[in-house]
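Work through the exercises below with the sequence and the structure at hand. Each task is followed by a solution in steps.

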Amino acid sequence: MNAIEPIAKLANQFSRLPGVGGKTALRYAYRVVEMSDADAEDFVAAVRDVKENVAYCGVCGNFTEKDRNPCAICAGRDHGIVCVVKEPKDVLALEKVRDYGGVYHVLHGTISPLDGRGPDDIRIKELVRRVGGGEVREVIMATNPDVEGEATAFYIARLLKPLGVKVTRIAQGISMGSDIEYADEVTLSRALEDRREI
Ligand SMILES: [Zn+2]
């Protein structure tokens, strides 16, 4: 027997989230049905809030609150060192490394010809413009150590070097194919420290 329509519809929404299969989606939907009205209202309000109040930082491209642009990281850090990452989640991971005092540049993707994603589809132009401003001394490529992450890092290094900036790549402390997002603080700290010029 299938769930009644309103529950099936909600489950269908949950199943659009990453890692949520049909069964889990249904379990979430039933849980919402059993919530108090106040809890359900809070849940809906939180979803609305991220859509209304989250924006991209005009400098680094990370998520920020609409009325706080540039973001908190860009507002108070050394703009001479820029760490380039694939996604906002990677900034969170790298921020666990407490001795990093630079800023970030979030690409929102990697170059992936197989998925039809070229250099113009991610925030490379913005990075080139930023480096062209003259304040940046070093760009650390911290894309994931997988095929796309490597290709993207080297593509960007080739573009930036003529601008006279030092371009480095985080060390392979993070094993090939694994994500920055899941690396622990010690591993990330060492990967940053042992970065090499490319
Ligand atoms: Zn920012």
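## Exercise 1: Cysteines

The disulfide count for this structure is zero. The model is a predicted one.

**Task.** Find which cysteine atoms are the protein donors of the zinc ion, and state how they are spaced along the chain.

**Solution.** 
1. The protein donors are the SG atoms of C57, C60, C71 and C74.
2. These donors lie 2.3 Å from the zinc ion.
3. Along the chain, the donors of the zinc ion follow the pattern C-x2-C-x10-C-x2-C.

## Exercise 2: Geometry at the zinc ion

**Task.** Decide why the arrangement of the four donor atoms is called tetrahedral.

**Solution.** 
1. The angles subtended by the four donor atoms around the zinc ion run from 106 to 114°.
2. Four donors count as tetrahedral if all angles lie between 85 and 135 degrees.
3. The arrangement around the zinc ion is therefore tetrahedral.

## Exercise 3: The largest pocket

**Task.** Give the volume of the largest pocket and describe the lining of this pocket by residue, element and class.

**Solution.** 
1. The largest pocket holds about 400 Å³ of space.
2. Its lining is made up of L10, Q13, F14, R16, L17, V32, A40, F43, V44, A46, V47 and V50.
3. Helix 1 (5-14) and helix 3 (37-53) are the elements that give two or more residues to this lining.
4. Helix 3 supplies the largest share, six residues.
5. Sorted by class, the lining has 10 nonpolar residues, one polar and one charged.

## Exercise 4: The second largest pocket

**Solution.** 
1. The space in the second largest pocket is about 210 Å³.
2. Its lining has 13 residues, and those nearest the centre of the pocket are N62, F63, I73, V91 and L92.
3. Two or more lining residues come from each of strand 2 (63-65), helix 4 (72-75) and helix 5 (88-94).
4. Helix 5 gives the most, with four residues.
5. By class, seven lining residues are nonpolar, two are polar and four are charged.

Definitions and conventions: Residues are numbered from 1 along each chain as its sequence is written. This is a predicted model: local features need pLDDT of at least 70, side-chain atom pairs count only at pLDDT 80 or more; totals for chains, interfaces and linings use all residues. Side-chain values use heavy atoms; hydrogens and water are left out. On a 1 Å grid over the protein atoms alone, a cavity is a set of points where a 1.4 Å probe fits but cannot get out, and a pocket is an open set with protein on both sides within 12 Å along at least five of seven lines; lining residues have an atom within 4 Å of a point. Grid points are joined across faces, edges and corners, and a volume is the space filled by probe spheres set on the points. Ala, Val, Leu, Ile, Met, Phe, Trp, Tyr, Cys and Pro count as nonpolar, Asp, Glu, Lys and Arg as charged, and the others, Gly among them, as polar. Donors are N, O and S atoms within 2.8 Å of the metal (3.2 Å for Na, K and Ca); water is not among the atoms, so sites may look incomplete. Four donors count as tetrahedral if all angles lie between 85 and 135 degrees; four count as square planar and six as octahedral if opposite donors are over 155 degrees apart and all others between 65 and 115; anything else is irregular. A disulfide is a pair of cysteine sulfur atoms within 2.5 Å.
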